Amino acid sequence: MLAQALLLQLGYNATLVALGSAALGLAAGATGTFLFLRKRALVADAVSHATLPGLALAFMLMVALGGDGRSLAGLMAGSALSAWLGLLSVSWLTRHTRLAEDAAIGAVLSVFFGFGIVLLTVVQTLSAGRQAGLESFLLGSTAGMLFSDALLIASGGLAVLACALALRRPLLLVAFDSGYAETQGINVHRMDLAIMTLVMAITVVGLKVVGLILIVALLIIPAATARFWSNRADRVVLLAGLFGGLSGYIGAAISATAPGLPTGPIIVLVSFAFFVASLLLAPGRGLLSAALRHRAYQRQVHLRQGLLALAQSHPVYEARTRRILRRAGLMRADGVPTSSGHSHAAAALRDENRWQALRSSAHLSELSARDDGLTLILDVLTPDQIAELDNRISAQPKVVS
Amino acid sequence: MTAPAPAASLPRTDPAQSPLAIRGLTVSYGQQPVVFSVDMTVQDGAMTAIIGPNGAGKSTLLKAALNIVKPLAGRVSVYGRPLAEQAHRIAYVPQRASVDWDFPTEALDVVLMGLYRDLGLLRRVRAHHIKHAKDCLARVGMEDFADRQIGQLSGGQQQRVFLARALAQKADLYLLDEPFAGVDAATERAIIDVLKSLKDEGKTVVAVHHDLSTVRAYFDTVFLINRRKMGEGPIATAFTPETVQATYGGRLADGQITQLTQDA
C-alpha cells in the first residue's frame, strides 16, 4: 500500500497531494534555512499564528459578497494580510520599544491567534451550515484537494523558493555577520523583512496542507537536519530543500494509505524521523560519530600515557590504560613491557623529549602550540629541525629523569 | 620593528580629501551619549590607532563612521565624498566576538564574502574569484586552512581569516576593530606585517587598539577618545603622558604611562 502510494498509484487526489506537498516541503526547507541560520525561527511561529484572523475575515468577506467563502486563493490573500500585520507588529515592537524579540513574539502570537479563534467561533455560529471546515486550516487537511489548489500550492512554493535562492548571498551574509553586511551595502533591516516575507508566503501557501500550527516545523526541522551533514551554508540550503521535499512527499504518501490519517502532522513526523536519523548517524556532527571519536581519542591518550610510564619504568595503575596496552600487545599481564612495548615506549619518550627541547628553542618555540600530547613531532618538523633538537638534547642533561 | 616615521614626513591631510573625515559625530544608546561631538581627520597613507579606556566609544566611533550604528548627529565623508558613494573603498574587520562561530561556513567562504560587491546577487563564483580569495588567505598565512569550518580555527586564525576577507575587497581604507584582542603572538606579528604592507602600498589603516605598549611600534598617528575627542595627531606630539593621562582619567599610574609613552 505504501509502495503504491510512493509510486503515485493511489489515485488522482493522492497524487496531487503528494506532488503539492513535495513542492511545498522543498520550498519550506530551503527558505527556512535562511531563517534558521539568522536564528529567528520563532518569528515564523508568530507569523503563522497571525494568519488565523485574516483567514476567518476573508471567509466572512467572501460569504458577505455572495460567494461560498471556500476559495483557497481568497483565503490565502486574507491570511497573508493578517500575517503581514503580525510580522510588522513584531518588528515594530522590537525596534521601537524596549521589549525583547521573544516577548514581542509571545504577545503578537497569542493575541492574533486568540482573536482568530474568536472569529472562527463567530463564523461557526453565523453560518453553521457553510462554515466549510475553516478549523482544518489549523492542522491542515488535504481531503478533497482540487487540481487548482495543488497547482497553487506547488507554484506558490516554487516561486518563493526562486526568490529565496536569488537572495541567498545577502541573506547568508546578514545571518553570519550583519555588521559587515551593512558595510557591503546590504540593508540589513530590509533583508530581515525580505526573509520574513518569504517565510510568510510559505506559511500561507502551506496552510491547506500542513496547517498554521505545524508549518514552523517544516521551515525549521529540515534546516536543523541538513546542518548535521554539511559545514557550508549553500549545501545546507540544498540539503534542507531535499529533506523538506522528501518529507512532504513521503508524509503525503503515508497519509494516503489509510482514510483519516492527517497529512500535515504525518509530514512533520517524517521530517522529524530524518532529523533523528541525522542526529544519530551523521558523520562529524552526529552523536554516534562524536562518541566514536571521543573513544578513539581517549584510547590514544591512554596509550600515550601508558607508554611514557613504561619508558620511565613507572608502574601503570589505571585499569583502562593496562587493558589498552595489553590489547595492543605492548605489555604483559604482569605489567612488564613486551619487546614491542619497549621500542614503542622509547619512541614515545623520544618524541616527548623533543617537544620539551622545542619549547626552549628560540626559533622553533612558536610551534609548541602544535603540541597536544599526541601529535608526533615527526609530523610537524623537518628532519633537519629534528636533528637540531636531538643535538640540543644530547648537549644538555636529560630532560626527563 | 621599524621605527615610526617622523611626523614631518607624513603628508598633511586636507580634511576635504581625507580617507575618513568625521564632523560633530554623536552616538547615543538611549539618552546616554557614547560618543559626543567627535571630529576626526584620518591621515592618508598612515596607520592610526584609536585608543581610550573601556567604554570610551572606540568601537562605536568606527561603527558609526560605517553607518552600522546610526548616529544621532554628525557628518562622515570618505575621500571627500559622502559615505554612501565611497563605501566600496572601505574594508571593515569587525570584532571577533560579533560572529556566530558555529555558522556553516569555511574559511574560504568567509573570504569570498569580501567579493560580494563584485558578485552581486547572481553572478557565478569563477576560478579567478577563488584564486583571489586563496591569495588573500595566503597573505595572512592561512592558505592551509581554506576548507576548515571557521569554528574549528583558533582565535588568532579566525582573526586572520577576517583580515583576509577585508583584503579581498581591494579597498583603500581599512578599519579594524580590536584586531589584536585575544590573539596569539604569531598572529599579532602576521597581522601587523600585513597592515604595514598595506601602508607601503599607500593604503590607510585605522585600528581600535587596546595595548598602549605597542602603539609606538605599530602606528604613525593616534586618536584618543573618551566619549569626547581627547587628542589627535602624530605619535610624537599626540601620544604623550599628559594626553594619555587625560584620556584614561587617572585610571593608569603615572609611572606606567610615562613608561608606555616614552621611546624604549
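**The largest cavity and its setting**

Reply: About 40 Å³ of space lies in the largest cavity, where a volume is the space filled by probe spheres set on grid points that are joined across faces, edges and corners. A cavity here is a set of points, on a 1 Å grid over the protein atoms alone, where a 1.4 Å probe fits but cannot get out. The model is predicted, so that local features need pLDDT of at least 70 and side-chain atom pairs count only at pLDDT 80 or more, while totals for chains, interfaces and linings use all residues. Residues are numbered from 1 along each chain as its sequence is written, chains are lettered from A in the order in which they are written, and side-chain values use heavy atoms, with hydrogens and water left out.

The structure holds 1 cavity of 30 Å³ or more. Its lining, meaning residues with an atom within 4 Å of a point, consists of Phe34(A), Arg38(A), Leu171(A), Val174(A), Ala175(A), Met191(A), Asp192(A) and Ile195(A). Sorted by class, 6 of these are nonpolar and 2 are charged, with no polar residues; Ala, Val, Leu, Ile, Met and Phe are among those counted as nonpolar, and Asp and Arg among those counted as charged. At least two lining residues come from each of helix H9 (168–176) and helix H11 (188–206) of chain A, helices being DSSP runs (H or I) of at least four residues, numbered from the N terminus.

Turning to the interface, chain A and chain B bury about 2,600 Å² between them, 55% of it on carbon and sulfur atoms, buried area being the accessible area (1.4 Å probe) lost on being put together, summed over both. On the chain A side, Arg169(A), Phe176(A) and Tyr180(A) lose the most area to chain B, together 30% of what that side buries. Across this interface there are 7 salt bridges, each a side-chain nitrogen of Lys or Arg within 4 Å of a carboxyl oxygen of Asp or Glu. Asp109(B) and Arg232(A) form a salt bridge through their side chains, at 2.5 Å from N to O.

Definitions and conventions
On a 1 Å grid over the protein atoms alone, a cavity is a set of points where a 1.4 Å probe fits but cannot get out, and a pocket is an open set with protein on both sides within 12 Å along at least five of seven lines; lining residues have an atom within 4 Å of a point. Buried area is the accessible area (1.4 Å probe) that two parts lose on being put together, summed over both.
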